Amino acid sequence: MVTATQSLTDDMIELFAVEIGAEVRLVNPGTEQEEELQRILAFDDADAESEPRGPVITVMGHVDHGKTLLLDRFRGANVVEGEAGGITQHIGAYQIEKDGKGITFIDTPGHAAFSAMRARGAESTDIVILVVAADDGIMPQTKEAIDHAKASGKPIVVAMNKIDRDNADPNRVLAQLAEHELVPESYGGETIVVPVSALQETGLDDLLDQVLVVAELEELTAVRTGRAAGSVIDAHLDKGRGPVATVLVQRGTLNVGDALVAGAAWGRVRALINDKGEQIKAAGPGTPVEVLGLSEVARAGDTFVVAFDEKTANRVAETRGHWQRQASMANTVAAAHGGAKLEDIFSQIQAGETATLNLILKADVHGSLEAVTDSLKRLERDDVKLAFVSRGVGGVTENDIHLAATSNATILGFNVRPDRKARQFADAEGVEIRNYEIIYKLLEDIENAMLGLLEPEYEEVVTGDAEVREIFRVPRIGAIAGCYVTNGVITRNSGVRFLREGVIIWRGTVQSLRRFKDDAREVSAGYECGIGLSDFQDLRPGDIIETFDHREIPRV
């Protein structure tokens, strides 16, 4: 028996339902409302009329092949000079007009670390522009970009950049494209290849014209009415404006004042800012905008949808956040029980255990956070594992340092810095904070640190052979082998294997080495010498003394 105010467990509810012959469905209110949201969206799409829209273009290619400069020419703003190490570190979206038609560009970084961001870009796009340098040809990240583009099933237009270079070789690039199943039109295939020079601004109009032709063939449409939905391209925490999400609207119209849910983040849209930095009231399909007003930093790659009201958005976001926290908590507990800081980890390896390096990772935007995480995971070895105690967007805070102190973790900051109080707290707690602005340097340092943590491995290298020809007996010293060095160099204090008819009969060290009556440090092949061995007197002519050293094997 239970009273009217007591709660029933899920098991009790199901048993009671069986007892009275009723059907029961246990749902979380947030989950139920999310299902309702998706049903309403599907209904709106079926009921509404689709209209033509501009294409969304993803620009992909290898690092330093000119993608950012190409976009720079299209939108007339210089973003190359301000980038650390000349690498596009954040995903960005920009919109231009050509012949009265809107074209949205998504710029994805070319460095290997950002493959996940490029994959996400390909999922949000209609057409892929693959940038290949005419002087460099297809490189590793170019192949990766081709794979992402093919997996998305989107049409590919190739921009052959840097044709103004003296060492440009367009024919080689065309042949390489054909090898990767992108057969150019000049080879009888279907892949459009447009020669361009972003530096000299040649061929750019032709490239845009070809993109619009492909877009027309794709017959791109979208529903402009009803609730807005789309993808979060990136998100970051702005000190003055709070959480900011860059989103791409893919259906409906997003308005200021809408109740929005994006992953575990929610809120009422306080402001919409376009790629030119202007505040706008509404954004239709294909429009990239920054959204202000969310409760927390959304995750890049999350879908967003406009809810019925703030209460619904809150419940849906809370449900999503709950499951995200559950997954994160499991990782944190595992890390806290099995991890160590850099300086403690060597003892674990010496004890024969698999060492785990605990990390707290903070970055300026979610795209960078995801990219750095993926790159660090690739550095793992069989004997050194990485555990992410916490990952987040924003500066290094006192909470991060407290967590690092309790979980024995090292803090990595990418494009973020701790404030003065946080630095003082870290010093007091003995927490290590490493700050980086370029991803190459971060990965290089962590890899070197991990390699330095490992116990050195050695290989045995034979350094010389000597044949015993005579035996001399010296009072108070014992037997001395008169030898002829047949190979390599015999060095004093080297390790020794004593061989008789190919069988090892003794191991030890060269105790003394003489050339005539003088002590020698080493004797080379072709010379005679006297060798005294530690603790071994059973010498016979014809025996072989083989010397060896142990050399450290560089870890790769």
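Biologist: How many aromatic pairs does the count come to?

Modeller: This is a predicted model, where local features need pLDDT of at least 70, side-chain atom pairs count only at pLDDT 80 or more, and totals for chains, interfaces and linings use all residues. Residues are numbered from 1 along each chain as its sequence is written, and side-chain values use heavy atoms, leaving out hydrogens and water. Rings of Phe, Tyr and Trp (its six-membered ring) pair if their centres lie within 6.5 Å; planes under 30 degrees apart count as stacked, over 60 as edge-to-face and the rest as tilted. By this rule the count is one aromatic pair.

Biologist: Which residues form that aromatic pair, and is it stacked or edge-to-face?

Modeller: The ring centres are 5.1 Å apart, with 20° between the planes. That makes the pair of phenylalanine 74 and phenylalanine 105 stacked.

Biologist: Where in the chain do phenylalanine 74 and phenylalanine 105 sit?

Modeller: Helices (H or I, at least four residues) and strands (E, at least two) are DSSP runs, numbered from the N terminus. The pair links distant parts of the chain, 31 residues apart. Phenylalanine 74 is in helix α3 (residues 67-75) and phenylalanine 105 in strand β4 (residues 101-107).

Biologist: Is phenylalanine 105 buried or exposed?

Modeller: Buried means under 20% relative accessible area, exposed over 50%, and partly exposed in between (1.4 Å probe, protein chains only). Phenylalanine 74, at 15%, is buried. With 1% relative accessibility, phenylalanine 105 is also buried.

Biologist: How many of the nine residues of α3 are buried?

Modeller: Among them are Leu70, Leu71 and Phe74. Helix α3 is largely enclosed by the rest of the structure, because the buried residues number seven of the nine.
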